[in-house]
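Work through the exercises below with the structure open beside you. Try each task before reading its solution.

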Amino acid sequence: MNNGNIIQVRDLRKVYRVGKVDVPALRGVDLAVKKGEFLSIVGPSGSGKSTLFHIIGALTPPTSGEVHVGDQDLSKMSDADRTNMRKRTVGFVFQKFNLLPNLTARDNIGIARYIAGMDAKPEPEFEEILKVLKIGHRLDHKPSELSGGEQQRVAIARAIVNHPAILLADEPTGNLDTENSAAVLEVLRDLNQRLGQTILMITHNPEAAAYGHSTVRMRDGRITDRT
Amino acid sequence: MTGKLVFENIKHKPMRSLLSILLIGVPVTLILCLVGLSYGIIGDSQNRTRGIGADIVLRPKNSSYLSASGAPMPQQMVAFLARQPGVKMATGVVNLMAEGVTLGAAGINFDEFNAMSGGFKFLSGGPFQRPDDVIIDDFYANQKKKKVGDTIKVLNVDWHVSGIIQSGMLAHIVMPITTMQEKTGNIGKISQVYMKVVPGAKVSDVVESLRNNPDLQDYPVFSIEEFASLLSIGNVPGLQPFIIVIMGIGVVIGFAVVCLSMYMAVLQRTREIGILKSLGGSKSFILQVILSEALLLGIGGTILGILMSYGAYWLIKTLVPASLPMVIVYEWWPIAGGITIVGALLGSLYPGLTAAAHDPIEALAYE
């Protein structure tokens, strides 16, 4: 970690090979995120937001450049190291919720702990978080029995149950109506304020972006602006 | 938690799971039925041989242990053997296959055989009264729904049922030896000779003396116990390779069914695999989930296969009790189950490795 930054990215580049063509997705990104910061990332489709997320979230390696999350250097990690990092350091919230359809909400949260090598039952203190998320009474239901807003709040609970250093939310309100969107954004802000949870959120919605402390704009694989 | 995930996955697609279990169960049933029939037929032959009450059997030259059909020996041998030292009595028997390979008929000299065996246990009727009389056992009577006084057609000849005996001695169908020899063109010929030793004589000594008799050179002579013990699966030509082939088929079916089923499951669950990977699920964890599911399907298939073998056992016992004596061979449960589960695990390996190798980003984007 440098200067209180939990995320430090320097000259990050990512090139995807599509058939015989190299497609650059990131063309030299520099980014610093402080611990406890709530950062919104906006930009048009294809601007490299999701690629940046996937690299910071250890889902894919960078082509070149430096990426530090906490004291870990992602650019030098093996596939197994990145898998280990996803267990406890990063939590994901996706636009399509991505809950396991065959498991109840409780088990969806529990499996994240189990994979991280912990007891599937969360600590008693986690009950408070569940109250904030307002899903305590819905834990024994499967995703198909939950509303979109409830599913996304379960996904948030799953993402933070292992106390990750960073929470990455990729269009968390993209599949929700206005009311549920507001509820989810309030929850994210609440978690940031109460727990000091570092959050990076991709969004197309300027109102959603306004929930963050600051906003980064991306275009053509580069950060163009930070406000 | 892995167990719960696997169990819920199986529960989530009940039809796929049940079909997989059923198809995995089929080779288990096949193996258990084949082994059960082999043991049953061999055990039945042993019991019938012991039930004769003889001490020694003399077989035709160059005959195999199980070949019990045909009459290549001259009937005069019976009198010759009866005169040998240590032999109290001898009786010749003609054995022929009545219906297929499983149902034997035997021609006997009733009085001689009665003296040797201690007598048939008649459930109804009695001994032969006419040359075309036949005695059948209760299994055959039940299977063919025959009673005393009815006519049965065996060896293309109509026979009159004079008595029904308790099963377990010699053959399902017993007829007068002379009539049988006439009707089958074997006048003066017999299949084998049974002997009883004089009281106090040692069976092994008499057997040895017969074996050393130059007039009986090349005729296999066995004590009844020795002969019964030779009736084993290992001594039936081709049976062991056949069982191995069926076991191989079991492995292939288990492999193919589970490979197909799990490959489909992996395709259907691509996004879920991506979710598990995004949570930090390692390749070995993903593989473990897939293998555990295959293992559970294999165990389910084994249990169903065992139950279906009981079904086959019941059907045979109810519909054709005299033709195929099947037994349940418990020792083969773990073998049949193990073979099938190995097939299932091998079959799930490729889908499992495919799932484990999924790129998490591509898997999460899968629709």
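**Exercise 1.** Which residue is the bridge partner of A:Ile7 in strand 4 of chain A, and which residue stands opposite A:Ile7 in strand 2 of chain A?

*Solution.* The model is predicted.
Step 1. Look at strand 4 of chain A: the bridge partner of A:Ile7 there is A:Val69.
Step 2. Turn to strand 2 of chain A, where A:Val33 stands opposite A:Ile7.
Step 3. Check the pairings behind these partners. Strand 1 (residues 5–18) of chain A pairs with strand 4 (residues 64–69) of chain A in the antiparallel sense, over 5 bridges. With strand 2 (residues 21–34) of chain A, strand 1 of chain A also pairs in the antiparallel sense, over 11 bridges.

**Exercise 2.** Give the order of the strands in the open sheet of chain A, and state which strands lie at the edges.

*Solution.* 
Step 1. The open sheet has 4 strands, with antiparallel pairing, in the order 2-1-4-5.
Step 2. An edge strand pairs on one side only, and this holds for strand 2 and strand 5 (72–73) of chain A.
Step 3. Follow the chain from strand 1 to strand 2 of chain A. This hairpin has 2 residues between the strands, and A:Gly19 takes a positive phi near 65 degrees in it.

**Exercise 3.** How many residues are in the largest nonpolar core, and which residues does A:Ala157 touch?

*Solution.* 
Step 1. The largest nonpolar core has 95 residues. Those with the most contacts inside this core are A:Ile56, A:Ala157, A:Leu168, A:Leu188 and A:Leu200.
Step 2. Helix 9 (residues 239–268) of chain B gives the most to this core, with 7 residues.
Step 3. Leaving out residues up to four places away in sequence, A:Ala157 touches A:Ile109, A:Ile129, A:Leu130, A:Leu133 and A:Ile135.
Step 4. Another core, of 51 residues, lies apart from the largest one; among its residues are B:Val78, B:Met116, B:Tyr140 and B:Val174.

Notes: Residues are numbered from 1 along each chain as its sequence is written. Chains are lettered from A and ligands numbered from 1 in the order in which they are written. This is a predicted model: local features need pLDDT of at least 70, side-chain atom pairs count only at pLDDT 80 or more; totals for chains, interfaces and linings use all residues. Two strands pair if DSSP finds at least two bridges between them. A nonpolar core is a set of buried Ala, Val, Leu, Ile, Met, Phe, Trp, Tyr and Cys residues joined through C-beta atoms within 7 Å. A residue is buried if 20 or more other C-beta atoms lie within 10 Å of its own, exposed if 12 or fewer, and partly exposed in between; C-beta atoms are placed from the backbone. Two residues are in contact if their C-beta atoms, placed from the backbone, lie within 7 Å.
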